[in-house]
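Please look over the sequence and the structure shown here, and then read the briefing below, which moves from single contacts to the chain as a whole.

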Amino acid sequence: MTIKDNTEKEKTGKRLGDEENKNLSFRLIKEDKNNNNSMGEKTVVVYGEDKTTELLVQTLDNAKDRWDNYADSQGPTVAMGVEQLRKGMRHAYERGVKIKYISEITKHNINYCKELMKIAEVRHVDNAKGGMAVSESEYIATAKLQEAKPVSHLIHSNVMEIVEQQQYVFKSLWANAIPAAQRIREIEDGHERIETRILDDQDEINDKIRSLSKDDEEILICSDTGLLKIVHDCFFSVYQEIMEKYDKGYHKGVRWITDLSRREDANVAKLFMDMGIKIRSIRNLPLPNFLVTDRVFFSNSEKIDHNQDRKTIKQMFTTNDVLYINQYKSTFEELWKNGIDAIDIIEDIERGLDTERVDIISRSNNAETTYLDLLRSSNKEIMLILPTVNAFLRQWKLGVFELITRAAMNRNVKIRMLIPSNEKTEKFVERLEKQSLSIYNTSNNDSNNSKKVQIRSIQTLTETRSTILIVDKKVSLVMELKDDSKEKFHEAIGISTYSNSRAGILSYVSIFENLWNQTEIYQQLKKSEELQQDFIRIAAHELRSPIQPILAISEMLKSTVISKELGNSKHIQVNREEINDYIDAIIRNAKKLVSLTNSILDITRIETNSLTLRKETVDLRLFLIEQVMEYEDQYISKMETMDLHTITSCDRYKTRMDYSQLNNNRIYDSLLAQLDKSRIAQVVCNLLDNAFKFTNDYDTIHIMLDVEFINDQKCVVISIRDSGKGIDREILPKLFTKFTTMSEKGIGLGLYITKSIIEAHSGRIWARNNVNGTGATFSFTLPCDP
């Protein structure tokens, strides 16, 4: 129970700040102890070491039967180290007062505890805080105790409710404490109990750090420079005391690993080195920061920025568990072997040289640790080349790809990987690409709007005998492939080279970019070849479709003519309606051939950048109305003709178009634009064809017009909305590319040509499914005059 806990409950408590009030409060305490008048009950705070010591001795003298104490590990040093208190407790003991004492017994206060046990029954409790004592009639408490020093302030109360409450608290603590003899035996036998805690109280953290000066074991520290600065600002005197003991042969000293790259950090490190602390530097130190001795382990998992003006450690993990101690001592020794003496680093910094270096890592286990740490430290980009299929599989087992996807998702790191092409890797790559797509879909706010994980395959990587990692274009790690048949990563690699040399890193970046671009060129050529084959196949099929009816109908027409011939007469009798049907069919299929030929010619012009526009000034609103009306007349006429000349009835012409919004004079009287009328008519016709193709019977197609300002340019937005089945999600991203079609018929060139025409007019086209779940809307923009 601390002062804070008590004062919150003591409604009658008051603080007397000046000396007059202090004297008054002290006089109140010295009232006749036999006075049972409730008006004499008081709670006061007393300041000053002389006053508090006098108050403690007086309260001890007032005790008749009991004197129950609870204190932290400093309590026994105060009780036995402050002469007046020691005499006061002995006098109470001799008067027959039963003294009980609860404290945290440590190797530092064990001698005080042994002396205290001569006059009191002592018990041990872990993590004791503050100090308090209670008799049958009085209660005193303080928040902080210092080794063998009088307390600076005390709270005192003779209010019986408070006294009884604290007696009950002490009774509970006493029941849960263990005998002092048991705890002392554990300490003296070296059987320390395992104690693992997370500290977030600042005073407790500070006390733990200061307690280091009381031991003589070597202190091993691995931390970032942010923690180095905090130690300098807040605990420099602790390490001065440690190193003074080291100079006299009473301590084994301090070794420190950190990452020195800045002049400011080097200056701080020099101050520690001047007192004899040994420091080595390692780039990209892994978290957590930690300190370890033969007896304790401290760690702090937060990365402390050296630019922050921090004066405290917010949280600290501490344990005396030998498993932690041994593991981190081993980790420290491995890091120490690979570290560079801080003297060399500081000399380079002071001479104005960049602290670039190339480290040869001969131990494969160290290379593996460095590799994973570099992946964890990435902030912007990871470039990775894997030389063989087995290298890929080993890295998968090692968890490399989990780290990579986590970096992309959590830190927005861009990932590019080159891997050998093989059937074994396909399922893993497919899984990575799905994860990449997930990351892409959840990061649409990214300005680059690109996938964060990109993987490309290349055949020539089998000739490369090294795994190459480049992180943020600042550091590189090249790991030699020693034995590709091994399953474990550290068994397969040989000597590794770590570098932060700019020249070396740029050379590896150049190698990576060249290989990356080669794969892109290869993929483009492969895609071009596939498109060419698809084009030939589709074009052949589309050309054959109208040619076959033309040939068949022509043969039928010729057969009809021959069967109608009468002798040698040049005149024959024929059925006019039958002949017209044949001719109409030939014309329809010939028009299909012309349309297909025009599409192929348009593609050629687009691909060769020779698409020519014959622009003229046009009133867009009126032009659009004319095109829609003309299309409506032609389409209905065509469908009626088909209805009359086919066996089955066709109701498609019953689909209607609503373009009433275009006739709304309130919107825009005139919208003048420079455009190629025939090409824009082609666009409108194409989009209406698609809309009619997918709109349900008796439904309506809506044509709408609006005006927007895009980058200060006045633009007309034309939209055509249907009520069909909508656009398949798989097709939507590639809807305006060549050979992409939403129907079973068609060559898949119409929307590609449409997009090219619109872009040639400095416009933009897009499509989306309607929000009501029925149909789709195609929209395009055209710039118009202000």
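**Salt bridges, surface, cavities and backbone**

In this predicted model, the side chains of E204 and R197 meet in a salt bridge, with 2.5 Å from N to O.

**Other salt bridges**

- K337 forms a salt bridge with E334, and the closest N and O atoms of this pair are 3.9 Å apart.
- Because K337 and E334 are three residues apart in helix 12, which covers residues 322–338, they are separated by about one helical turn.
- E121 forms a salt bridge with R123, in which the closest N and O atoms are 3.9 Å apart, and E121 itself is partly exposed, with a relative accessible area of 35%.
- Salt bridges can also be joined into a network, and here K107, D215, E217 and R295 are linked in this way.

**The chain as a whole**

- The chain contains 23 helices and 30 strands, and 45% of its 786 residues count as buried.
- Among the contacts in the chain with a separation of 6 or more, 74% are accounted for by residues 24 or more positions apart.
- The chain exposes about 42300 Å², and carbon and sulfur atoms supply 47% of that area.

**A nonpolar patch on the surface**

- V358, I360 and I495 form a nonpolar patch on the surface, and together they have about 290 Å² of accessible area.
- I495 has its place in strand 23, which covers residues 493–499, and I495 counts as partly exposed at 46% relative accessibility.

**Cavities**

- Rolling a probe the size of a water molecule over the atoms shows where empty space is left.
- A search of the whole structure finds five cavities of 30 Å³ or more, and about 250 Å³ of space lies in the largest cavity.
- The largest cavity is lined by 21 residues, of which L56, N69, V78, L85 and Y101 are the closest to its centre.
- The elements that give two or more residues to this lining are helix 3 (49–62), strand 2 (66–71), helix 4 (75–81), helix 5 (83–94), strand 5 (131–134) and strand 6 (139–142).
- Strand 2 provides the largest share of the lining of the largest cavity, namely four residues.

**Positive phi angles in loops**

- Most residues other than glycine have a negative phi.
- K473, however, has a positive phi near 55° although it is a residue other than glycine, and K473 lies in the loop between strand 21 (466–471) and strand 22 (475–481).
- At 41% relative accessibility, K473 counts as partly exposed.
- N711 is not a glycine either, and its phi is positive at about 55°; N711 lies in the loop between strand 27 (700–710) and strand 28 (713–721).
- N711 counts as exposed, with a relative accessibility of 75%.

Technical notes. Residues numbered from 1 in each chain as written. Predicted model: local features only at pLDDT ≥ 70, side-chain atom pairs only at ≥ 80, totals over all residues. Heavy atoms only, no water. Buried < 20%, exposed > 50% of the residue type's maximum accessible area, 1.4 Å probe, protein only. Contact = heavy atoms within 4.5 Å. Areas by Shrake-Rupley, 256 points an atom, 1.4 Å probe, with all protein chains shown as cover. Patch = residues over 30% accessible without salt bridge, like charges linked within 9 Å, V, L, I, M, F, W, Y side chains within 5 Å. Salt bridge = Lys/Arg side-chain N within 4 Å of Asp/Glu carboxyl O. 1 Å grid on protein atoms, 1.4 Å probe; cavity = no way out; pocket = protein on both sides within 12 Å on 5 of 7 lines; lining within 4 Å. Points joined across faces, edges and corners; volume = space filled by probe spheres on them.
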